[in-house]
Structure formats: structure tokens, C-alpha cells
Amino acid sequence: AARPRGGPGAMAETGVPLTREPAPQPVSEADQPVKACEVVQNTGPDSSSGRATAGFRIAKYLPCEWQQNNSALYLEAYTDCEQAERGRAEAKGLVQHVTGTAQRAQQDSTAALGQRLRDVHFWKTQLQMEIEDLDAETGLLVAQKLRLERALDATEVPYAIATDNLLCRERRQPPDLVSDEVERELLKEAELIRNIQELLKRTLMQARTQMRLNRDHKEICEMDWSDKVETFNIDDKCRRYSNQSTNIQFQMNSVKFEENTSTPETWAKFSHDNIYRAEREKLASISLRTLIDNILHDVSQDLRMQCAAVNEAFAKHCEELDDAKLKLEHHLKQILKEIGDQEADIAALKQAIREKEASMKVTQTRLYDRSFRPNMELCRDEAQFRLISEAEELTESVESLKKKLLESEQSLRNLEDTRMNLEKEIAVKTNTIFIDSQKCMAHRTCYPVVFKLAGY
């Protein structure tokens, strides 16, 4: 059928796609073919199939048959043209519909890829921030670990000083070899240093473990970040594809879901869990750094306080030793003076005894000589009694002088013993003062300062 004016062709020309098959349109009478008539074959006497047609074609088409054949061809051509025109209109409308649908689908896919790129970029940014935070936190924890190691090394000097002081004070001589306040403070200092060393070692192990955990979670986040970067590049490349791209081709096996694919929920949860665990380790690392700061501060303060206590005990003990030594030296001076006086007194007693011996000789000689008086002259006169009394008095005086001399000599010996004891005690005090002040206190001047004990 001929395309009617203003029919489907006109709708196609306006560019509106067809959504259904167009309705058939009426055809004018001029365009309709002539109805074919049935012609009865002439087999009578007028038929040309007789002998007169000998030598020509026996069976020929009649004019009506010719017209009928032409009409059939006309109808077939008209029908084919109409069907072809209808098919072109449908094809054009289908092309426009499919093109619009494909364009919208491609736009939707591009928009979905853009949204996906934003999601991937968000998680990639979060992971990158967490990686940088973990890296910075690990660096700060490494610095704290170095402080712990330096502080642990710094405690060796105080421990060596304390043990050396204890060993040096073992060389004190009796009776100064006593368990005094200095020794108790030194033992307390040595015990404190051992406990601090154990605490620092445990904290150092915690720091190393936390550093390993930080690096492990940083590596997990880096792997996730690397996957996000690769995915972002792939999706960005896919978003840039268009129908005019030169690097597109058919991929027949790509339209399918992989067996190991994740859902958007599990995909987001995976990155969220990685960030959450990394954040948890970062907070644990921050807490550990704060703990290390407090430990190092307390340790340095405790060591310096104990050092001050030991130094104060040493100073007090040295003052006591100096005072005791001064008192001993004062008593030694008195003893030496007393020894001199006692020696002079002994010499005077000996001189007195010698003088009394001469008087005794005079008296005894007089009595002896008077015993030779003759007869009645041998009288117990006043002179005889006085000589006998003098002899007795001299004897008693000599005995008392001798007794006093013995007492003085014993006192001198006692003074000499006391002098020796005092001199020995002064030597002991001098040795103790040398050990405490010159050896121990001089060695304690090498005690580390607070900053060194705090690991700086």
C-alpha cells in the first residue's frame, strides 16, 4: 500500500519514535488494482487449439490472464512496499528508542561509576589519613622507646655507684663497721634501681609489641589503600570510556558476577573495620606513650629523691664522724697533757723518795750510832724517842710515796693505753671519713641528672 500523506512517514519525519505498530490507512480507488476475472478456457470449435494452430504454441495466456498476472504482481509489489515502509518506520523508531535507552543506561552507568569513585575516594582518603596518623604515632612511639632504652642505660651508673659505695663501706674498720642510716639508704637505693630496671624492661617490651601492632595495622591499611587506589584508577578509566573511545572491544565473558565478589555493605564494613582497628591501636599507642612519660618522670624523680636521701645521710654521717674525730683529738690532747703531767709527777715522787731515803739514812745512822752509848748513857731520852718517831714517820712517808708512785705509774700506763686507743680510734675515724667523703661522696658526684634519667 502507498504511504498516505500525513501518515506514519510524517510521524517519522518529526523525529518521534514509534512505540507500537501503526494502524492501517485507507487506500483510494485509483490506487486499487483491477479485480482479476476468471476466464473459462475455450475448448470449443473456435478454440485455437485445433489443427489450424499446428506449428504454433498450443497453450497461450489469454488477455485476461495477462492482466490478472500483472495485477497480482502489482498487488505483491504494493504489499511489499507497504511492509517495507512500515518496517523502516518501525526500525527507525526502534533505533531511536534503543539509542535513547542505551544513552540513558550509559549515563546511569557513568553516574553510578562517578558515585562509586566518590565512595572509593572517601575511603581511600580515610585510609590514607589513618596510615599517616599511624606512621606519625609509630614515630613518636619509637622516640619514646629510645627514651626508655637511654633511661635503662642511665640506671646502670646509679646502680654501679650504689654497689660501689656498699663495697667501699665494707672496708671500714671496727667499731665503725656498723649498719647505719647510710647503709640502709644505700640498700634502699640499690633495690629501687633494680625495681626500676625491671619496670623499664617490661615497658620496653610493651612498646616493642605496640610498635609491631601499629606496623601490622598500618600494613593492612596500606594494602586496603593500595586496592582502593587501583580500583579508583580502574573505575576512573571506565568512567572515561565513551562510544568514541578507540580502546574498547567486545568482552563476551565479562557480563557475569565473580564468585568472590563482595557486597557494598561488606565492602564498606571491611574498610571501616580496618580503620577502626587501626584507630584502636593508635589510641593504645597514645596511652602507652603517656604511660611511658609518667613512668620516666616518676622514675627520674624517685631516683633523684633517693640520691638526695643517700647524700643527706652521707653528709650527716660525715658530720658525726668529723665531730667524733674532733672530740677524740681533743681528748687525745688532754691525755697527752695528762701523760706529761703524770710523768712529771712520777719524777717528783721518785725524787721525793730519794730525798726521804737520805733522811732515813741520817735517822737510822743516828739511831745506830746512839746504840753504842755506854752503860747508863744508853737512855731512852727524848732524842731517842724523837729519832725513833722520825724513822717511823720517814718509813711511812716512803711507803706512801712508793704506793703513790705505783698508783701514778699505773695511771700513766692507763693514760698510755687510752692514748693508744684514742689514736687508733682517730685513725679509724679518719679512714671512715676518707671512705665516706673522699670515696663514696666523691663518686656520687657522677650521679646522672634528672634529664638523663628521664631518657633525654
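This is a predicted model: local features need pLDDT of at least 70, side-chain atom pairs count only at pLDDT 80 or more; totals for chains, interfaces and linings use all residues.
Visitor: How do helix 2 and helix 5 pack?
Guide: Helix 2 covers residues 63–154 and helix 5 covers residues 264–370. They pack at an angle of about 20°, and their axes are 9 Å apart.

Visitor: So what does that make them, roughly parallel or roughly antiparallel?
Guide: Roughly parallel, because angles under 35 degrees count as that.

Visitor: And is the crossing left-handed or right-handed?
Guide: The crossing of helix 2 and helix 5 is left-handed.

Visitor: Which classes of residue make up that contact?
Guide: There are 16 nonpolar residues, five polar and 10 charged in the contact of helix 2 with helix 5.

Visitor: Take Lys282, then. Where does it lie?
Guide: Lys282 is in helix 5.

Visitor: Buried or exposed?
Guide: Lys282 has a relative accessible area of 12%, and under 20% counts as buried, so Lys282 is buried.

Visitor: What is Lys282 in contact with?
Guide: Leaving aside neighbours within four places in sequence, Lys282 is in contact with Glu130, Asp133, Leu134 and Glu137.

Visitor: New topic. How many residues are in the largest nonpolar core?
Guide: The largest nonpolar core has 21 residues. Leu148, Leu200, Ile292, Leu296, Leu303 and Tyr447 have the most contacts inside it.

Visitor: Which elements give two or more residues to this core?
Guide: Helix 2, helix 4 (181–240) and helix 5 do. Helix 5 gives the most, with seven residues.

Visitor: What about Leu296, what is it in contact with?
Guide: Arg147, Leu148, Ala151, Leu200 and Ala454, leaving aside neighbours of Leu296 within four places in sequence.

Key
Residues are numbered from 1 along each chain as its sequence is written. Side-chain values use heavy atoms; hydrogens and water are left out. Axes are lines fitted to C-alpha atoms, for helices over the stretch in contact, and angles run from 0 to 180 degrees between N-to-C directions. Helices (H or I, at least four residues) and strands (E, at least two) are DSSP runs, numbered from the N terminus. Angles under 35 degrees count as roughly parallel, over 145 as roughly antiparallel, 65 to 115 as roughly perpendicular and the rest as oblique. A crossing is left-handed if the near helix is turned anticlockwise from the far one by less than a right angle, and right-handed if clockwise. Ala, Val, Leu, Ile, Met, Phe, Trp, Tyr, Cys and Pro count as nonpolar, Asp, Glu, Lys and Arg as charged, and the others, Gly among them, as polar. Buried means under 20% relative accessible area, exposed over 50%, partly exposed in between (1.4 Å probe, protein chains only). Contact means heavy atoms within 4.5 Å. A nonpolar core is a set of buried Ala, Val, Leu, Ile, Met, Phe, Trp, Tyr and Cys residues joined through side-chain atoms within 4.5 Å.
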